[in-house]
Amino acid sequence: MAKLGKDFIAIRDLPKAHLNYLLSQAKHFKTFFSRPNKQSPALRGKTIANIFFEPSTRTRSAFEMAGKMLGAGIMNLQMSATSINKGETIIDTVKNLHALGVDVLVVRHHIAGVPKMIADHIPIPVCNAGDGYNEHPTQGLLDIFTMLEHCKSLKDKHVTIVGDIKHSRVARSNIYGLTMLGAKVTVCGPPSLIPMGIESLGVKIETNLKKAITKADFINVLRIQIERQQSGHFPSLREYNEVFGITSHSLAYAPPHTIVMHPGPINRGVELSSEVIDSDRNVILDQVTNGIAVRMAVLFYLLTGAEA
Ligand code: CP
């Protein structure tokens, strides 16, 4: 197989063979979780720098856990406490981290394209941990990995993505990966939160939630970005919950085997009811655990270029 490339910026750019390869490697790394000694020396001597310009619980911690399980050193930079605050540019900052001996950068930024811009200026690998509305490729991978724990193949499986599709990097990475693997993807949400032209990515639009989930094998529910609600994309959070919320009432319109997913963080009582969050209909915490295996696969590949 051809080399994956220096960086991991987007699922959109990934050939299908590489997507399948990372998924199979993640399966291998998940076997580490049940070993008495979970640590491997595979990346001993390597240093990973997590540079997050936006808050994160799951992604940053999972990259840290993944790096530690592979024996790497981890540097978590508190970006508000770096010299960027004194006027240093991001490019100068990452060049300095490279000079300090960092081997791979994991970058989250609120502006789309920043991880790629960094990757174009330094010789070490860069992994995108979420950039603006663009992509969150390791989240896409872990969502697909989690679905594949419940079916042999995603070919012709129905996946409905519900919520703020317009502002969601998770939706985009899911759509690229799922359509590549042959899944039938439907997006559902208020018309104001569905971007024009999204059908060109090979998805169906359905603004009626009940119709959107009738055949769903998986419902991937997105966070309503309350911070963007001031711009008035829908009348109120209560109304959103009534029309698009996944609750035991709306789930009655889905098949009994439908699995509910959410990338986190969740707004309880907005996009998902507490009853669904606390039930066995969802695999939300499995997604979090699988996030470690997927990031082990990505870090191992970026740092060694080899098969585990
Ligand atoms: N899913 C996700 O990206 O969560 P965090 O923002 O906590 O990393």
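Q: How many aromatic pairs does the structure hold?
A: Four, and rings of Phe, Tyr and Trp (its six-membered ring) pair if their centres lie within 6.5 Å. Keep in mind that this is a predicted model: local features need pLDDT of at least 70, side-chain atom pairs count only at pLDDT 80 or more, and totals for chains, interfaces and linings use all residues. Residues are numbered from 1 along each chain as its sequence is written, and side-chain values use heavy atoms, with hydrogens and water left out.

Q: And how are Tyr21 and Tyr301 arranged?
A: Tyr21 and Tyr301 are edge-to-face, 5.6 Å centre to centre with 80° between the planes. Planes over 60 degrees apart get that label, those under 30 are stacked and the rest tilted.

Q: Which parts does that pair tie together?
A: Tyr21 is in helix 1 (residues 16-30) and Tyr301 in helix 11 (residues 284-304), so the pair ties together parts 280 residues apart in sequence. Helices here are DSSP runs (H or I, at least four residues), strands are E runs of at least two, and both are numbered from the N terminus.

Q: New topic: which residues are around the ligand?
A: Ser56, Thr57, Arg58, Thr59, Arg108, His136, Gln139, Pro263 and Gly264, where near means a heavy atom within 4 Å.

Q: Which polar side-chain atoms lie 2.6 Å and 3.0 Å from the ligand?
A: One of Thr59 is 2.6 Å from a ligand oxygen, and one of Gln139 is 3.0 Å from a ligand nitrogen. Polar contacts like these are pairs of N or O atoms within 3.5 Å.

Q: What about the backbone of Gly264?
A: A polar backbone atom of Gly264 is 3.2 Å from a nitrogen atom of the ligand.

Q: Is the peptide bond from Gly264 to Pro265 cis or trans?
A: Cis, with omega near -5°. Pro265 lies in the loop between strand 9 (259-261) and helix 10 (274-277). Most peptide bonds are trans.

Terms used: A polar contact is a pair of N or O atoms within 3.5 Å; within protein, one must be able to donate a hydrogen and the other to accept it, and residues adjacent in sequence count only if both atoms are side-chain atoms.
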